[in-house]
Amino acid sequence: MARQVDGWDAPVCGMTWGWTGVRGTWLTPDAQHSMDEMAALGTNWVTLAYGALQATAQSTTIAFADEPTVTDDEIRGAVARARRLDLKVCLKPVVNVADGTWRAYIGFFDWDVPGEPSWAQWFDAYREFIVHHARLAAELQVEMFCVGCEMVRADPQEAHWRELIADVREVYDGLVTYNCDKYQEDHVTWWDAVDVISASGYYPTGTWPEQLDRIGAVVEREGKPFLFIEAGCPSREGSPERPNDWTLVGPPSEQAQAAYLDEMLTACAERPWVGGFMLWDWPATLYSSADAASNDDYCMYAKAGAAVVRRHFTS
């Protein structure tokens, strides 16, 4: 279904590590322990994900050189550690909003208005942020670079994305992807500009076949490799029905998470065009294994879900 591209080697049995990329957390003994434990699940890829802040959803400056964003040297150190574990690497710089607004709501008028912030101004700042890290990706020879994550209101700005991706390719010659949000795979109009289509796969339990049918049509049309660059479920009751909702209230449940992961990985294994996963997520500092049963977040360390992931990744 999807044509092969240079550098693409599925299956991707990966994990997202280190989010949100808080300065001072990536080069510690705890971080080394965390990545070692992650590799023990049979991972062959890791996405190093880190955020930079803009003040509001209508700001046009991104303070990526400032705290809390990890430094370039912290990224270099994390890549070196991943290499020692024989992991392929995707760098994923992400913009966040300091006031807590989800980045999907970053947006401006469709036309420029004097005195008002504009898409052109925002993409100038975003380009500086992304191209800086694309240069770092080239220096470190990482296998994949992600130019954006879940930018739903920005997705229709096709000309700006094409220009940004062209600028990235000027400095980086590895695989380029974009992480669209759930349900947006068939709304992005510029998939031809990237090498790999990737998406956040937070689909409710019981809906995977229909969602994969829909996404498969996009992959067939575009002729590109496909990856769920985010996917997972908190370990709490009710989360399989709303796996993207990290604020959902419910008691911890390893079993709910494990069942969801098994359902998702099994359903996707039946679709050869699904090139793999970068599961969400694995923090730089892990909770104690003794606290796993009471931890209700996405990480499956020392939980029943870890055995599910290991079984699928090593099969």
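The largest pocket in this predicted model holds about 750 Å³ of space. Of the 32 residues that line this pocket, the closest to its centre are W19, W102, R103, W246 and W280. Which strands contribute to the lining of the largest pocket? At least two residues each come from β2, spanning 45–54, from β3, spanning 88–97, and from β8, spanning 274–282. Strand β3 gives the most, with 4 residues. By class, the lining of the largest pocket comprises 15 nonpolar, 9 polar and 8 charged residues.

I turn now to the second largest pocket, where the space is about 300 Å³. Its lining consists of 15 residues, and P11, L265, A269, V274 and F277 lie nearest the centre. Two or more lining residues are supplied by each of β1 (12–17), α6 (254–269), β8 and α7 (304–314). The lining of the second largest pocket divides into 10 nonpolar, 3 polar and 2 charged residues.

Let us next consider the strands themselves. Strands of a sheet pair through backbone hydrogen bonds, in either a parallel or an antiparallel sense. Here, 8 strands form a closed barrel in the order β1-β2-β3-β4-β5-β6-β7-β8, and the pairing is parallel. From one strand to the next, the twist averages 25°. How many bridges join β1 and β8? These two strands pair in the parallel sense over 5 bridges. Looking at individual residues, one finds G14 opposite M278 in β8.

Helices also pack against these strands. Helix α6 packs on the sheet and touches β7 (226–230) and β8, and the direction of α6 makes about 165° with that of β8. Helix α4, residues 158–171, lies across β4 (144–149) and β5 (175–180), and α4 runs at about 155° to β4.

Finally, I come to a pair of helices. Two packed helices are described by the angle between their axes and the distance between those axes. For helix α2, residues 72–84, and helix α3, residues 119–140, the angle is about 35° and the axes are 11 Å apart. Is this crossing left-handed or right-handed? The crossing of α2 and α3 is right-handed. On the α2 side, the contact is made by D72, I75, R76, V79 and R83, and on the α3 side by H132, H133, L136, E139 and L140. The contact of α2 with α3 contains 4 nonpolar, 2 polar and 4 charged residues.

Technical notes: Residues are numbered from 1 along each chain as its sequence is written. This is a predicted model: local features need pLDDT of at least 70, side-chain atom pairs count only at pLDDT 80 or more; totals for chains, interfaces and linings use all residues. Side-chain values use heavy atoms; hydrogens and water are left out. On a 1 Å grid over the protein atoms alone, a cavity is a set of points where a 1.4 Å probe fits but cannot get out, and a pocket is an open set with protein on both sides within 12 Å along at least five of seven lines; lining residues have an atom within 4 Å of a point. Grid points are joined across faces, edges and corners, and a volume is the space filled by probe spheres set on the points. Ala, Val, Leu, Ile, Met, Phe, Trp, Tyr, Cys and Pro count as nonpolar, Asp, Glu, Lys and Arg as charged, and the others, Gly among them, as polar. Axes are lines fitted to C-alpha atoms, for helices over the stretch in contact, and angles run from 0 to 180 degrees between N-to-C directions. A crossing is left-handed if the near helix is turned anticlockwise from the far one by less than a right angle, and right-handed if clockwise. Contact means heavy atoms within 4.5 Å. Two strands pair if DSSP finds at least two bridges between them.
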